[in-house]
Amino acid sequence: MSDFPGGELYFLLDRGGGLVAYRENVAPWAGVVAFTSEDKALAFNRESGCEGCEVVAVAASDEPS
């Protein structure tokens, strides 16, 4: 992961501190919403109406995270 361009991944957390995930209609899988920039994460947060969500970042070089 330390080779990730930009150096950080940005995630959305819900009010309870859980990662925001999405699921296709009745699909057997779910995915975590992650972004390559804080601006993109903030734009998704605004456009999706994700109330009470906050943007957090994890440095790609922080392997224990």
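A nonpolar core is a set of buried Ala, Val, Leu, Ile, Met, Phe, Trp, Tyr and Cys residues joined through side-chain atoms within 4.5 Å. Buried means under 20% relative accessible area, exposed over 50%, and partly exposed in between, using a 1.4 Å probe and protein chains only. The model here is predicted: local features need pLDDT of at least 70, side-chain atom pairs count only at pLDDT 80 or more, and totals for chains, interfaces and linings use all residues. Residues are numbered from 1 along each chain as its sequence is written, and side-chain values use heavy atoms, with hydrogens and water left out.

Let's start inside. The largest nonpolar core has eight residues, Y10, L12, V20, V33, F35, A41, C50 and C53. The structure's one disulfide (a pair of cysteine sulfur atoms within 2.5 Å) links C50 with C53 at an S to S distance of 1.8 Å. Both C50 and C53 are buried.

Now for the rings. F35 and F44 have ring centres 5.4 Å apart and planes at 45 degrees, so the pair is tilted. Rings of Phe, Tyr and Trp (its six-membered ring) pair if their centres lie within 6.5 Å; planes under 30 degrees apart count as stacked, over 60 as edge-to-face and the rest as tilted.

| Residue | Relative accessibility | Class |
|---|---|---|
| F35 | 14% | buried |
| F44 | 32% | partly exposed |
| N45 | 16% | buried |

Finally, N45 lies in helix α1, residues 38-48; helices (H or I, at least four residues) are DSSP runs, numbered from the N terminus. Not counting residues up to four places away in sequence, N45 touches L12, C50 and C53, where contact means heavy atoms within 4.5 Å.

Terms used:
Helices (H or I, at least four residues) and strands (E, at least two) are DSSP runs, numbered from the N terminus.
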